[in-house]
Amino acid sequence: MHNSPATPGSTAAQTVAPAATMDHEAFNPALRHHFADAQQQKNAASLGMWLFIVTEIMFFGGMFCAYLIYRVAHFNAFAAGSQQLNIWLGAVNTAVLIVSSVTVVLAVKAAESGKRKVLVGYLVVTVLLGLTFLVIKGFEYAEKFEKHHVPGPTFNFTEKFDDNGKQIPVNPKEAELFFSLYFAMTGMHALHMIIGCGLFTGLAIMAWKGHFTSDYFTPIENGGLYWHLVDIIWIYLFPLLYLISRHT
Amino acid sequence: MATTSIPASQAPGSTTKLNYLNNGHTLRSWLLTTDHKRIALLYLLSVTAFFFLGGFFAMLIRLELLTPEGDLMQADTYNKVFTMHGMIMVFFFLIPVVPAVLGNFLVPLMVGAKDLAFPRINLLSWYLYVIAGALFLHCMLNGGVDTGWTFYTPYSTAASNTNVIEAGLAVFIVGFSSIFTGLNFIVTIHRMRAPGLTWSRLPLFIWAHYATSLIMILGTPVVAITIVLVAVERVFHLGIFDPRLGGDPLLFQHLFWFYSHPAVYIMILPSMGVISELITCFSRKRVFGYKFVALSSIAIAVIGFLVWAHHMFVAGISLYAAMVFSFLTFLVGVPSAVKVFNWTATLYKGSITYATPMLYAFGFIGLFTIGGLTGLFLGTLGIDVHVTDTYFVVAHFHYVMVGGVVMGFLGGMHFWWPKITGRMYPEYWARLSALLVFVGFNLTFFPQFVLGYVGMPRRYWQYPPEFQVLNVLSTAGASVLAVGYILPMIYFLWSLRYGPIADANPWNAAGLEWQTASPPPTFNFDQTPVVTWEAYNYDEIPEKELEAPVAQ
Amino acid sequence: MSKYLPLWPDQASTMASQVDLLYIYLLLVAGVMTALIFLAVTVLAIKYRRRPGVAAHQIEGSTILELGWSIIPFFVMLTFFIWGAVIFFQERTPPADATEVYVVAKQWMWKIEHIEGQHEINELHVPTGQNIKLIMTSQDVIHSFYIPAFRLKQDVLPGRYTTLWFKATVPGRYHLFCAEYCGTMHSGMGGDIVVMKPEDYALWMAGGSSTPLAENGRALFSSLGCSTCHRSDVKGRGPDLAGIYDKPVQLDDGRTVIADDNYVRESILDPTAKIVSGFKPVMPAFQGIVTDEQLNALVAYVKSLSQPAQGSAALQNAPATSPGQPEVQ
C-alpha cells in the first residue's frame with residue numbers, strides 16, 4: 001500500500017520499470033518462468049493480493065450487514081449487550097493492533113532497503129503483538145463465559161440497557177443474538193489473526209534465511225497488506241461492537 | 001483419459017513434438033503439475049464425474065415422478081435426491097464447468113501468456129475442488145443432506161437432521177476454489193496479455209471470463225460467510241438467523257441470493273463467451289457489434305448484483321422493495337437480449353458451415369432465448385406470485401442452465417477438442433448427439449412450463465394425479481437427453497485413439513490459441529506472439545477447402 | 001380443464017383472470033420474439049451457407065441498431081413491469097372490509113381458525129363474493145400458502161405474520177399446496193380450498209359450534225392477567241388497548257409505528273422492543289408462554305376492541321351460537 005508503486009490501475013509505473021530491471025533478470029532466482037520480467041511478476045502479485053483483499057471485505061461484509069440490520073431491529077438489546085463488553089480490553093487491543101501495523105510498515109521499509117536483521121526483528125515483533133492481541137481476546141472470551149454471555153443453553157442475560165441513566169429491561173433472547181454476532185465477528189477476526197501470525201512467522205523464517213533482497217520482497221509487501229486488512233477490520237469492529245452505545 | 005492419447009499421437013510416423021500431454025507421463029507429473037492445460041484436464045475429469053453423478057440423481061427424480069404416488073423411494077430419500085442433484089449440479093458442475101475447464105485451458109492461450117499468473121494457486125484451486133468433492137461424497141454416503149441446494153433457514157439450522165454442516169463445509173471450500181480461479185483470471189487478463197493485445201482486441205471469450213471472475217471474487221465470499229453462519233448456528237447454537245432470538249430468516253435469503261443470483265451469471269457468461277467464438281468462426285465473420293457484446297458481459301455482471309431479491313417476491317419483503325427489484329430485473333434483461341441479437345446479426349452475410357460446434361451454438365441461441373424470455377415472466381410481479389416455487393421456475397432455470405450452460409460447454413468442447421487432444425472427434429456422431437440433446441432437452445423441460453402454470457409446486461415427491469401426463473412426457477424426454485449426453489463421452493474417448501490427427505488450426509479460426517501447435521507445447525508458444533490485428537479478423541484469414549479434416 | 005392433461009388452471013378468484021390476461025400478453029410477446037429469433041437464425045443460416053468462391057461480407061456493427069434493440073425491448077419490458085406491479089399492488093393491499101382468517105402452519109399441516117371460531121385442518125371453507133384476508137404464521141420452518149386456482153401464494157414465516165387476501169368467485173374444491181420446501185412431507189402438506197355459495201357457507205358455519213376467536217382472546221386476556229394493567233376505567237400501568245389497532249402509536253424513543261398485526265404480536269411476545277411513550281417497560285415477555293393459536297386469539301381480541309360496530313357485534317353474536325354448545329358438551 002505505502003511502499004509499493006504498483007497499485008492496481010497504475011500502469012504508468014509498469015511501463016517504465018521493465019527497462020530498469022531488464023539486466024537483473026537472468027540472475028533473479030525469484031522470477032517465475034511464465035513471467036516476462038520481475039516487474040510483471042510483482043505487478044501480478046500485487047494485483048492478486050488486492051483482489052484477495054476485496055474478497056475478504058465481501059466476506060466480512062455479510063456479517064457487518066447482518067449486524068447493522070439487527071441493531072436497528074433490536075436496538076435496546078444490542079445496546080445493552082454492547083454495554084457489557086469490556087471496553088478497556090477492547091481499547092488495549094486496538095492500540096496493540098495499531099502498533100503492529102506500524103511495525104509492519106517498518107518491516108516493509110527494512111526489506112526495501114535490504115536490512116535483513118532489522119526486517120526479521122520487525123516481523124518477530126509483529127507476530128508477538130498479534131499473539132498479545134489473541135491472549136487479551138482470550139481473557140475477554142473467558143469473561144463472557146463467566147458472565148454466561150456465551151450463546152447456547154447456558155446463556156443468561158439479566159442486565160438492562162442503561163439509556164442515560166434510565167434502566168430499560170431487554171429481551172434476553174435478543175441479547176443472545178447480539179452475542180451470537182459478537183462471537184461470529186470477533187471469532188472470524190481472531191481466526192484471521194491466527195492465520196496472520198502463522199504467515200508472519202513463515203515470512204520471518206524466510207527473511208532470516210535471506211530469501212528477500214531489496215529487489216525482491218513482494219511476499220513481505222503482500223503479507224503486510226493482509227496484516228493491515230485484518231487490522232482495519234478490527235478498527236471497524238471496535239467502535240461497532242464496543243463504543244457505539246456508550247453515550248454517557 | 002488424456003494419458004491414453006500419448007502413444008497414439010506418436011504413432012503415425014511423424015516426428016514426435018514435445019507437447020503438454022507427453023511432457024511427463026508419471027502420475028506425479030499430473031497431480032503436481034502447474035500447467036494450466038493439465039489442470040484444465042484434471043478439472044475436466046472431475047467435473048465430468050460430478051455431472052454424471054448429478055445426472056444419475058436427475059434420473060432418479062424423473063423416475064419417481066413417473067407416477068403421482070411416492071412409490072419408487074421414501075419421501076426423505078426423494079428430498080435428499082433432489083437436494084444432492086441441485087448441490088452437485090450447481091456447485092460442482094455448472095459453476096466450475098466452463099471457467100475451470102475451457103477457461104483454464106484457453107485464457108492464457110488466448111491472451112498469449114505462458115500460463116496463468118499464479119499456477120500454484122491454480123493447482124490449489126483444483127485440490128480445493130477435489131477436497132470439497134470428497135467431503136460432499138462422504139456426506140452423501142453418510143446419509144446425504146435434505147435442505148435443498150438453497151439451505152433455507154430455519155429448516156437448515158433447526159429442523160433438518162441430516163449432514164447440513166458437512167455439505168455446507170463442502171460448498172464453502174468449493175467456493176474458495178472458484179474465488180482462486182476468478183482471481184487468477186483477472187490478474188492474468190490484466191497483467192499478462194501479449195504485446196499489442198489491447199482490451200479492444202481481446203476475444204469475447206476473455207471478456208466473458210473477466211466479467212465472470214468479477215462475480216466470483218465479489219459474490220462467492222458472501223455466500224461462504226452465510227453458509228458458515230448456518231453451520232455455526234448448528235454447531236455452537238449461535239442464533240444469527242433464528243427467529244426465536246429475533247433473528248431473521250429473510251436475512252439469510254438476502255445474503256444467500258446476493259451471491260446465488262449473480263452465480264447464475266457465473267454459469268451462463270462463460271458459455272456466452274464460447275458461443276461468440278463459435279458463431280464468428282463458423283460464419284467466417286467479425287462479430288456484429290464487438291463493443292456491445294463485450295460490454296454487455298460487464299453490464300450483466302454489474303446489474304446482476306442488483307436483482308437478488310427477485311427470488312423473494314412472496315417471501316415477505318415489502319411491496320416497494322419487490323417493485324424496485326422487479327424493475328432492476330428487467331434492466332438485466334437488456335444486455336442479455338443485446339447478445340442474442342448480435343449473434344443473430346453476425347450470421348447476416350456470413351459464410352456459414354454447420355459443423356457440430358455451430359449446431360450447439362444454434363441450439364444455445366434457441367434455448368437461451370426461451371430461458372431468458374421466461375425469466376421475464378418471473379420478473380413480472382403479478383405472474384411471479386403464481387409461478388414462483390412451481391415447475392415453471394424449474395423449467396426456466398433448466399433452460400438457462402442446461403440449455404444455456406451445457407450447450408455452450410459441449411459446443412466449446414467440440415470446437416477446442418482438436419486443440420486439447422490433437423485429434424478430431426467423429427463429426428457424424430457428434431451431429432447426431434447434438435440433435436438428440438436439443439430434442440431431448442425440449443421434451444424434458446417444455447412440459448414443465450405448462451406443469452408450473454397449472455400449479456405443480458417444485459420439490460414434490462407426490463402430486464395430484466391430473467399432473468401425471470405432463471410428468472410422463474418430461475421423463476420420456478429425459479431418457480432421450482441422457483442418451484444425448486452419454487454419446488459424446490463415448491466418441492470423445494474413441495477419438496483419443498482413432499480420431500484423425502488435427503493440425504494446429506483445423507477450423508481455420510482466428511484467435512491466438514490456434515496459432516500454436518495442437519496439442520500446444522507446455523509453455524504454449526515457442527515465441528511470445530505480438531498481436532497487430534483486431535479480434536475475429538476472418539477477412540484476413542484465407543478460407544480453406546470446403547471439406548474440413550473431419551472424421552466421418 | 002382436461003382431467004388428464006390440464007393445460008390451464010381453474011380460475012376461481014377475482015385475481016385469476018387478471019393474472020391470466022397478463023400471462024397471455026407475455027406469452028404473445030415471448031412467442032413472437034422466440035419465433036422471430038428462430039426464424040432469423042434459420043433463414044440466415046440457410047441463405048448465407050458457405051458457397052465456394054463467396055466470401056463473408058464483414059460488417060462491424062451498427063450503433064443505431066444496437067441502441068434500437070436495447071431501447072425498444074426495454075420499453076416492451078417496462079409494460080410487463082408496470083402491468084405486473086399493478087396486479088401485485090392489488091394482491092398485496094387487502095380491502096378494509098375483508099373477513100379475517102387465521103392460519104398457523106406447522107410441519108406438515110395447515111391449521112385454520114375462523115374469526116367466528118371454527119377450526120379446520122388442511123381445509124379452508126370460504127364463501128364466494130366475500131373478501132377474505134388470511135393472517136398467517138408458522139410454528140417451525142418457512143412454508144408457503146399456495147392456491148393455484150386463485151393465482152396466489154405467500155410464504156408463511158415463523159415469528160411474524162404475513163397476509164394474503166382474495167375474493168373467490170366460483171364454487172368448487174381447489175388445491176391448496178405448500179410451495180416452500182419444508183421437510184419430509186412437504187408434498188403432503190396440502191389440502192383443499194372449498195369455495196361455497198354464500199347460503200351454503202352460512203349453513204356450514206352454523207353447523208359447527210365454537211366460540212368466536214375474539215371471545216377466546218378475551219378469556220385469555222383476563223386469565224393471563226393482561227386486564228389488570230391494560231384497562232380503560234382507571235389509569236392502568238399499561239396503555240388502554242381500545243381503539244389502538246391500525247392507528248399510529250407514539251413510542252418512547254420518539255418513533256411512531258402503526259399498531260398492525262405484527263406490532264401487536266411483537267408487543268405481546270417482546271414488550272420491551274417498542275415501548276409506548278409515557279409507560280414504563282414493566283410488562284413481562286410472553287414468548288414461550290403463549291402458543292401461536294393463543295396469540296392469534298389475543299390479536300383478534302385486541303382488534304375487536306377497535307371495531308365498535310363489528311367487534312361488539314362479534315361478541316354479542318357469540319351467545320347466538322352458544323345454544324349449540326350444550327349439545328356437544
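A residue counts as buried when its relative accessible area is under 20%. The legends below describe views of a predicted model.

**View 1. Chain A as a whole, with its helices, strands and buried residues.** Chain A has 248 residues, and 54% of them count as buried. Seven helices and two strands make up its elements. Read from the N terminus, these elements follow the order α-α-α-α-α-β-β-α-α. Among the contacts in chain A with a separation of 6 or more, 80% are between residues 24 or more positions apart. The accessible surface of this chain comes to about 10600 Å². Carbon and sulfur atoms account for 69% of that surface.

View 2. Is A:Asn222 buried or exposed? Its relative accessibility is 12%, and because the limit for buried is under 20%, A:Asn222 counts as buried. Leaving aside residues up to four places away in sequence, A:Asn222 touches A:Ala45, A:Ser46 and A:Met49.

**View 3. The two domains of chain C.** The domain assignment of chain C gives two parts, domain 1 (8-46 + 94-210) and domain 2 (213-320). Where they meet, the contact takes 17 residues from domain 1 of chain C and 13 residues from domain 2 of chain C. Taken over C-alpha atoms, the centres of domain 1 and domain 2 of chain C are separated by 30 Å. About 1300 Å² is buried between the two domains of chain C, and carbon and sulfur atoms give 45% of this area. On the side of domain 1 of chain C, which residues lose the most area to domain 2 of chain C? They are C:Tyr102, C:Glu113 and C:Tyr161, which together make up 48% of what that side buries.

View 4. Two salt bridges are found across the interface of domain 1 and domain 2 of chain C. A salt bridge in chain C joins C:Lys111 and C:Glu293, with the closest N and O atoms 2.8 Å apart. Between domain 1 and domain 2 of chain C, six residue pairs are in polar contact. On the side of domain 1 of chain C that touches domain 2 of chain C, the elements that give two or more residues are strand E1 (99-106), strand E2 (109-114) and strand E5 (131-138) of chain C. The largest share of that side, four residues, comes from E5(C).

**View 5. The interface of chain B and chain C.** How many residues does the contact take from chain B and from chain C? Chain B gives 99 residues and chain C gives 83 residues. The area buried between chain B and chain C is about 7900 Å². Of this area, 68% comes from carbon and sulfur atoms.

**View 6. Polar pairs and salt bridges between chain B and chain C.** There are 29 residue pairs in polar contact between chain B and chain C. The interface of these two chains also has two salt bridges. A salt bridge links the side chains of C:Arg160 and B:Asp248, at 2.8 Å from N to O. On the side of chain B that touches chain C, helix H11 of chain B (residues 319-347) gives the most, with 17 residues.

Definitions and conventions. Residues numbered from 1 in each chain as written. Chains lettered and ligands numbered in written order. Predicted model: local features only at pLDDT ≥ 70, side-chain atom pairs only at ≥ 80, totals over all residues. Heavy atoms only, no water. Buried < 20%, exposed > 50% of the residue type's maximum accessible area, 1.4 Å probe, protein only. Contact = heavy atoms within 4.5 Å. Areas by Shrake-Rupley, 256 points an atom, 1.4 Å probe, with all protein chains shown as cover. Domains from an automatic or database assignment. Buried area = accessible area lost by both parts, 1.4 Å probe. Salt bridge = Lys/Arg side-chain N within 4 Å of Asp/Glu carboxyl O. Polar contact = N/O pair within 3.5 Å; in protein donor to acceptor, adjacent residues only side chain to side chain.
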